[in-house]
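Thanks for coming, everyone. I'll walk you through one structure today, piece by piece. Please keep the view open as I talk.

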Amino acid sequence: MSSSRLEILNDGGLRHDARRPYELRSTSFLLSTHTASSSSSSSSSSGLTPPDGSSTVTQGLTSVQVTVFGPREPKQRSQAAHDRATVVVEVGVVPWAAGGGGGAKRTRGDKRLQEIGAAIRQTFEPVIMTHLYPRSEIAINVQVLAADGGILPTSINATTLALIDAGISMLDYVTSISIGLHLLQPLLDLSQPEELDLPMLVVASLPSSGKITLAQMETRLHVDRFEEMLSLGTDEKSGR
Amino acid sequence: MFSVTTLPPSSTLSFADDIPSSHRKHPAELDAMDVDDGGFEDEYGGAGPSKRTVVTPGEVITSSKEYMRGHGTYVEEVNVVSSVTGTIERVNKLISVKPLRSRYNPEVGDLVIGRINEVGPQRWRVDANGRQDAVLMLSSVNLPGGVQRRKIESDALKMREFLAEGNLLVAEVQSLLGDGVMSLHTRSLKYGKLRNGFLLTVPPQLIRRLKSHFHHIPAPCGPTGVDIILGLNGFVWVSSGTSQERREGGEGFDAEGVYSDKNDDITPEGRQAVSLIANLIKLLAREGVPLTETLINEAYSWAAKNVPGDGPLSDRDGERMLLEVVGLDIHHRA
């Protein structure tokens, strides 16, 4: 489709949105976007308790809002683990979030969204100190408000902030970024059109130790290039 | 340097005197410590851990050789590292980080307000804003009428008549069970089912442990005054006032009515007073002002003097109240 028409890197070495290869999109981080005192006080009676932590992260035209509930009593008691907290992730995309999957309508049970949810859960399970909260549940609710590539890294960044806002113990921040490869040139923080055309790697790591909690790739890539992209990804994020 | 600064001056007979400190530690370890220690002395004048009061997850606070880790921290290699965003608290050698925002952390003796979630065998499960539902055993409540006796099977069958799902109650934390679940009790005439008012939710950090968590604002505030219960779990109950005796089980205390579900008739003026107090508390909580009895009293007397009529508090009045009562200028804040 668009792959033949889109020029990934022009002669001047700029990408389609006039970024240089290692340049990130403009980002904004908002913390505590939903707090107990900002919402109606009697909401607890209707079961709509305000979240314990929340954040909204915008990277370029991608915008993700995350709310964290917990540690709280598990909604289904069968899910409770006697020695640690369980992490539950739910991902939703608002219907007007353009581009998310080429305009295809996504519902809650969507395979693709479940996969993103599982990736977020696997990223954070080893980082959250779950043994401190036995028999409880930490629910992470991800809402994609606008999709223009990099939903997963943006969601991970937003989830980190929401967890911190909720006062949940974590080993470190988790930062995430997407890395693409155009010919021999790695590109950082891909937008939707680039994401469709290029092999892409998503890395999430702990900036202070450099440990990687997630490395996800769905396309094929030469093994020599992989290492370069991976180290570029971890370096770039810790410098943030 | 290390051993000299940490030993109390009285311990002259300790073996630090006859054995050089370097003999008790691996040289590599000692080097690392010297570097740490020196860093602190240079940067902070040797006054203990980092002078920065706010840390975020993954931030190294100090060396684990000298300090013990408390809540909100973990040890990685030789460092005490923060695991939450909050303020550093140090008690002697114990370093802990208190999160800026978190769920309620129960302690025995705390006064909490909760909502019944479930009626189970011999117990109620209560949502008290903790990490798990609290339990209220049938054996730790008072029977209507104040009869003192062992609870029998017929009492268990009547549990839902005492407290049903969705009812609010005020209770005290009796004990903490093995995995941190709080067990509540209401064995005092001050505790029990709540009615004639409404619930506010504020961040639990804003409520300090006070001598009394029951406050009464007397009569010019509504015909019978307004009662406030500040639950340490961040739940605040604001209700139409009752007289001192009736609250504490004296003259006119309705022992049979403690589990009543019926609200009394509250006059419009009484309702207005309750909602005015609730709005003031909400406003203070929104700006992160810790709630105390005196502060609420001052906020009320300010409102009584300065807000004409009995409509809701306008934004401008709210800002003036914060400025004049708390000294908080939300317009010119950095």
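**Strands first, then a helix, then the contacts**

Strand E2 (residues 53–59) and strand E3 (residues 62–72) of chain A run antiparallel, joined by seven bridges. Bear in mind that this is a predicted model. Within that pair, Val57(A) stands opposite Val64(A) of E3(A). Now look at the turn. The hairpin of E2(A) and E3(A) has two residues between the strands, and Gly60(A) there has a positive phi near 65°.

E2(A) has another partner. Strand E1 (residues 27–31) of chain A pairs with E2(A), also in the antiparallel sense, over five bridges. Here Thr27(A) has Gln59(A) of E2(A) as its bridge partner.

How many of the seven residues of E2(A) are buried? Six are, so the strand is largely enclosed by the rest of the structure.

Over to chain B, and helix H8 (residues 315–326). With 12 residues at 1.5 Å a residue, H8(B) should span 16 Å. Its end C-alpha atoms are 16 Å apart, which agrees. Which residues of H8(B) are buried? They are Gly318(B), Met321(B), Leu322(B) and Val325(B). Seen down the helix axis, the buried residues of H8(B) fall within an arc of 95°, so they line one face. An α-helix has 3.6 residues a turn, so residues three or four places apart point the same way.

What covers that face? Helix H6 (268–286) and helix H7 (293–306) of chain B are included in the cover over the buried residues of H8(B). After H8(B) comes Gly327(B), with a positive phi near 80°.

Next, the domains. The assignment for chain B gives domain 1 (2–99), domain 2 (104–194) and domain 3 (195–334). The C-alpha centres of domains 2 and 3 of chain B are 24 Å apart. Between them, 21 residues of domain 2 of chain B contact 21 residues of domain 3 of chain B. On the domain 2 side, strand E8 (111–120) of chain B gives the largest share, three residues. That side has 12 nonpolar, five polar and four charged residues.

Last, the contact between the chains. Chain A brings 26 residues and chain B brings 26 residues. On the chain B side, strand E14 (197–201) and H6 each supply at least two residues. E14(B) gives the most, with four. By class, the chain B side has 10 nonpolar, nine polar and seven charged residues.

That's the tour.

Notes. Residues are numbered from 1 along each chain as its sequence is written. Chains are lettered from A and ligands numbered from 1 in the order in which they are written. This is a predicted model: local features need pLDDT of at least 70, side-chain atom pairs count only at pLDDT 80 or more; totals for chains, interfaces and linings use all residues. The expected span of a helix is 1.5 Å times one less than its number of residues. A residue is buried if 20 or more other C-beta atoms lie within 10 Å of its own, exposed if 12 or fewer, and partly exposed in between; C-beta atoms are placed from the backbone. The arc is that of the directions from the helix axis to the C-beta atoms. Two residues are in contact if their C-beta atoms, placed from the backbone, lie within 7 Å. Two strands pair if DSSP finds at least two bridges between them. Ala, Val, Leu, Ile, Met, Phe, Trp, Tyr, Cys and Pro count as nonpolar, Asp, Glu, Lys and Arg as charged, and the others, Gly among them, as polar. Domain bounds come from an automatic or database domain assignment.
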